Amino acid sequence: MKLLTHNFLTSNIIKGVTKGYPLQIMAEKVDVKEVEFNPDFVTKMLPKIDWSALIKAAKDVGHGDGLPEAVIENPESNEEFLKAAHNALMQVEVIEGKLVCPESQREFPINNGIPNMLLNEDEV
Amino acid sequence: MSGSPCGRLGKRFLFQFANEHLDFRVAEFSAIADLFGIKLESGWQSKNIKDPFWEFQLSSSTDAEKLASRSMLVKSALELWGKGATYPEMYEDVRQNTAKHCMIPFCGNGASFKIKVDTYNKKQTQEYKVQRINDLPLDVFPLEGKIDLKNADHILQICENYGEDHNTAPDTPCMVYFGRWLVDGQREKIKTYNLKERLFLGHTSMDPCLSLLMANMGKCCKNTLVFDPFVGTGSLLVSAAQCGSYVMGTDIDYILLHAQGKPSRAKQKKRSKDESIRNNLLQYGLQQFYIDALVADASKSSLWDSRLQVDAIITDPPYGVREGAKKLGSEKNDPSLTEEDKDGHVPQKIDYHLSDVFRDLLNFAARFLRIEGRLVYWLPVYSPEYCEENIPRHPCLQLVSNCEQKLNSRISRRLITMEKCHECQVRLITLCFSGV
């Protein structure tokens, strides 16, 4: 699971949960898989990103270095910043671990890089 | 030759279509023209879909090349020099409308060329074809260059159309075209992306021609984000990524996404360790476009924060023939589980009614597509009872096209393309839907 995906994931699917964001990441195995840098795509995604959730997620998985606390001004013209954002969004991947709902503490396992967001039939 | 004084008709182009998926021709061509911002003459959509030759006026050959660069249904594009119901008529059209100095660079002194003769709906002998070439009047065609059958710089082409039915094909063609071959469409990709060599394959993997056509309908292109809520083995993600889109998807089937289940290939005993959607992309060098595939229930759109915005949703929803539709739930009145039950529990799934599948899909699209983003999906229909009212509607989604693929005499599936026209005010909308 990339942190880009994590940035959009909630646990509001659980019955009764309304503040299921951001999911806490408890990582057991994290990889950095190289992805071709595409400044245009990063720039396009930035306005959609919850930056503080991204920083927290990146720090939680041990890859928070080099990320500023807030999105800088005119990010599209700052390659260094875009590369740091690219790394956090596209390259850092949680391979094994779990996602935890901040409201109910319900856990969602991540195996082989694939989060399992299915609930049991009594939770829907 | 753009900007050459070849006159209005120097900019005529002829597209020849492959003889399949006729009902998709207008929709695909239109989507590609839209994608490149190419304006086609008004009323072109009423072209005869049974005629594989379509003529267009375009501002330059670059436009023709762009159109062909994406089309799965176009075989090739020609710069049209002339046409006619008979050969003499065609010669006359060339004489009238294509200046010699526009032809000379491609077949005159100093150029090497060959001439191909292509016949539609009638087989012709080699002698016949050679004769058609030898008959070309040299006062019309300045064929003074070097003929080179192997490495010609330019290919000229005669196309003969013998009508719609090969069983009743007339002796002489009903239409003859002459032009310069510009470029082929993308038919080659049907082989490149063929499913036989696909690493990770499922029962419902979409064939490459239709997968790539769906990516065209969704206007997938560089720097877009494409989502498939019923991702399966990711065949639609492969085609979207092939267009430069970043791709993600979900599927309710844990066993499938983890490639643990039974393989779909008859001769394969076990799924291999490296089978995954990511590796399907890797197989074609498209791994940089992979974002994620998650195990999740597509009927639960609150899984995603409303900031998520995708450019296209391309999907083949489950409709039960080969893979029954399921979502999470229980038919018991009290589905509660004990703590012991929960350990390693596989959640129970219930049948996901077809009308609900499409209602949820349209709601999902209305919520997460950007304005003008497209939803492309298959809708199964029982042909004898089908009418256009069967197509699910949504106040935020506008129908763009609706193309039929017949599966047998009674069952069809329709490729539906919708475009988001305004933001969703109400979060969930119950649709009027009377499907199959």
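Predicted model: local features only at pLDDT ≥ 70, side-chain atom pairs only at ≥ 80, totals over all residues.

Residues are numbered from 1 along each chain as its sequence is written, chains are lettered from A and ligands numbered from 1 in the order in which they are written, and side-chain values use heavy atoms, with hydrogens and water left out.

**Stop 1: a helix pair.** Select residues 208-217 of chain B for H7 and 235-242 of chain B for H8. (Helices are DSSP runs of H or I with at least four residues, strands are runs of E with at least two, and both are numbered from the N terminus.) Their axes come within 8 Å and cross at roughly 55° (lines fitted to C-alpha atoms, for helices over the stretch in contact, with angles from 0 to 180 degrees between N-to-C directions). That makes H7(B) oblique to H8(B) (under 35 degrees is roughly parallel, over 145 roughly antiparallel, 65 to 115 roughly perpendicular, and the rest oblique).

Now show side chains. On the H7(B) side you'll find B:Ser211, B:Leu212, B:Met214 and B:Ala215, in contact with H8(B) residues including B:Leu236 and B:Ala240 (contact means heavy atoms within 4.5 Å). The residues of this contact divide into five nonpolar, four polar and no charged (Ala, Val, Leu, Ile, Met, Phe, Trp, Tyr, Cys and Pro are nonpolar; Asp, Glu, Lys and Arg charged; the others, Gly among them, polar).

**Stop 2: a covered helix.** Pick 354-368 of chain B, helix H12. Of its 15 residues, 13 are buried (under 20% relative accessible area; exposed is over 50%, partly exposed in between, with a 1.4 Å probe and protein chains only).

Stop 3: Most residues other than glycine have a negative phi, and most peptide bonds are trans. B:Ala259, between H9 and H10 of chain B, has a phi near 50° and is buried at 8%. Over in chain A, the peptide bond from A:Tyr21 to A:Pro22 is cis, with omega near -15°.

Notes
Expected span 1.5 Å × (residues − 1).
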